[in-house]
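Thanks, everyone. I would like to walk you through one model this morning, beginning with the DNA and then working through the rest.

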There are 2 protein chains.
Amino acid sequence: MTICSTARAGRPEKVNHPIVADMRAACSQCNLRELCLPVGLTEEEATRLDQLVSTRRSVKKGDALFRHGDPFTSMYAIRSGTFKTRVNTLDGRDQVTGFQMAGELIGLDGIGTSRHACDAVAIEDSEVCVIPYARLSELSMEVPVLQRHFHRLMSREIVREHSVMLLLGSMRAEERIAAFLLNLVQRMQVRGFSSKEVVLRMTREEIGSFLGLKLETVSRTLSKLAEDGMISVQQRLVRLEDSARLRAMIESGPR
Amino acid sequence: MTICSTARAGRPEKVNHPIVADMRAACSQCNLRELCLPVGLTEEEATRLDQLVSTRRSVKKGDALFRHGDPFTSMYAIRSGTFKTRVNTLDGRDQVTGFQMAGELIGLDGIGTSRHACDAVAIEDSEVCVIPYARLSELSMEVPVLQRHFHRLMSREIVREHSVMLLLGSMRAEERIAAFLLNLVQRMQVRGFSSKEVVLRMTREEIGSFLGLKLETVSRTLSKLAEDGMISVQQRLVRLEDSARLRAMIESGPR
DNA sequence: CGACATTTTGAACCTGTTCAAAAACAGTGG
DNA sequence: CCACTGTTTTTGAACAGGTTCAAAATGTCG
């Protein structure tokens, strides 16, 4: 039973291609500039980015920003909202490969074959800045800092995936959930949110798909962690009651 | 029991830093040029690569080419032999993130933080070409094809890791092993080897670490596939007796 | 409010793990 | 070249963590 597609039957994901050029993006002014592409650029360099990142696009919850197989032309910087990326096979198996939030870049997967290799679906109403790859490419030949930064971003994505592989390959359910929550909170914290609370933007099923667990296991494990006093769960709001113990959990060895 | 480090106690992995500048590498002449960095470059462009890839280094079986935490200066193109890359945590948990063979590039993980994020260990006597990142960076600002190609390589690494995540997150032991074998054979085939046979360069334990399984499970699963007539196993030599069925296995849905 | 989607919890089951022991191999030194 | 030692591989049996199936509870959105 391939739940994912049937579950959404009521609101089929469709690729969203509205022509949204109304608001000019301006990296140099953006309040995410310390998180996003402009990090480390001088005022002047950031202004050059502005020419490049010319359009924004808004994507409604459940809609795809791009899909596996779509021609690759641009990457996207998330301005607001949250996305999930997922890979899928012919037979309907799929796997969430990550959740992305404001300031993060998606679409890097498309460079390799000039087509996107995964789907990017908004899990809440979101807005992205469109970054045409060809132009970024050109500009980064003139602005070494930008090139450097772009490479860094790709490299970090590789490293991030390494740690997901570690999680999927060697952690037990409890540890996976702990690592997941800590990671989320840490990223929210960088964005100025609480270091103790997170609102999960994704369903238990999506969390499960990401962590290599079934949704029931996710639910049960959250309950168990709550019972043990490490977190408290009310719906999608999770409070970390004992981050230290959560952290210890994933650093305390394979067993 | 953290087997990996104790198991190698007799021959501790040490970082290998011999000054091997004897043989000049020449991308333009290399018989791997259709697989490696020079793909798609003109004669002239490939000759410019030669200036860049100036040294080779040989790494003995069991030795590390680089280790987690080492300053990042170069990437490496494998000339001969095989490597594994692995991430590890403080507590001794580790996870093989991939096996790399001739023509493949390793070390991309280091760009992000200027330090390597994983270990690269030779699993047989190997030789690599050293590609200083700073120089590649410069050169790719002048040779757009090279820049493009470099981006492509990083992107493909991201996509490759997506598929490993799919494997780790949603496949059962049999499917993982099938996917692993098919992938190996396919890569060997590109390099001119048989499409039916592979010599596994890695131990069952290393395969297990990569696939998120215990070595016993790897062994048992190989035996089972052999019993079912899909492969035959003699030691490290594996023959694919029925690739179609192996392929069907991983395309036939989650269950 | 009503229809649908999501979440929780229970109980039986199954796949892969763990522990253990034997067999097959590989590298070393005599 | 063979014997010896340590490593790798195979196989068995008991066990455990996570899955599956099912049903009820809770939420959400039009």
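Please keep in mind throughout that this is a predicted model. Around DNA strand C there are 21 residues, and the closest of them are Thr203(A), Ser219(A), Ser223(A), Arg172(B) and Thr217(B). If we ask which elements give two or more residues to that surface, they are helix 6 (204-211) and helix 7 (215-227) of chain A, together with helix 7 (215-227) of chain B. Helix 7 of chain A gives the most, with 6 residues. Sorted by class, the surface near DNA strand C has 8 charged, 7 nonpolar and 6 polar residues.

Let me turn now to the sheet. In chain A, 4 strands form an open sheet in the order 2-7-4-5, with antiparallel pairing, and its edges are strand 2 (64-66) and strand 5 (94-101), each of which pairs on one side only. From one strand to the next, the twist averages 30 degrees. Strand 2 of chain A pairs with strand 7 (residues 119-122) of chain A over 2 bridges, and there Ala64(A) has Val121(A) as its bridge partner. Helix 4 (residues 144-170) of chain B packs on this sheet, touching strand 4 (82-88) and strand 5 of chain A, and its direction makes about 120 degrees with that of strand 5.

Finally, the core. The largest nonpolar core has 137 residues, of which Tyr76(A), Leu181(A), Tyr76(B) and Leu181(B) touch the most other members. Leaving aside residues up to four places away in sequence, Leu181(B) touches Val198(B), Ile231(B), Val238(B), Leu240(B) and Leu246(B).

Note on methods. Residues numbered from 1 in each chain as written. Chains lettered and ligands numbered in written order. Predicted model: local features only at pLDDT ≥ 70, side-chain atom pairs only at ≥ 80, totals over all residues. Core = buried A, V, L, I, M, F, W, Y, C linked by C-beta atoms within 7 Å. Buried ≥ 20, exposed ≤ 12 C-beta atoms within 10 Å, placed from the backbone. Contact = placed C-beta atoms within 7 Å. Near = placed C-beta within 6 Å. Nonpolar A, V, L, I, M, F, W, Y, C, P; charged D, E, K, R; others polar. Pairing = 2+ DSSP bridges. Axes fitted to C-alpha atoms, helices over the stretch in contact; angles between N-to-C directions.
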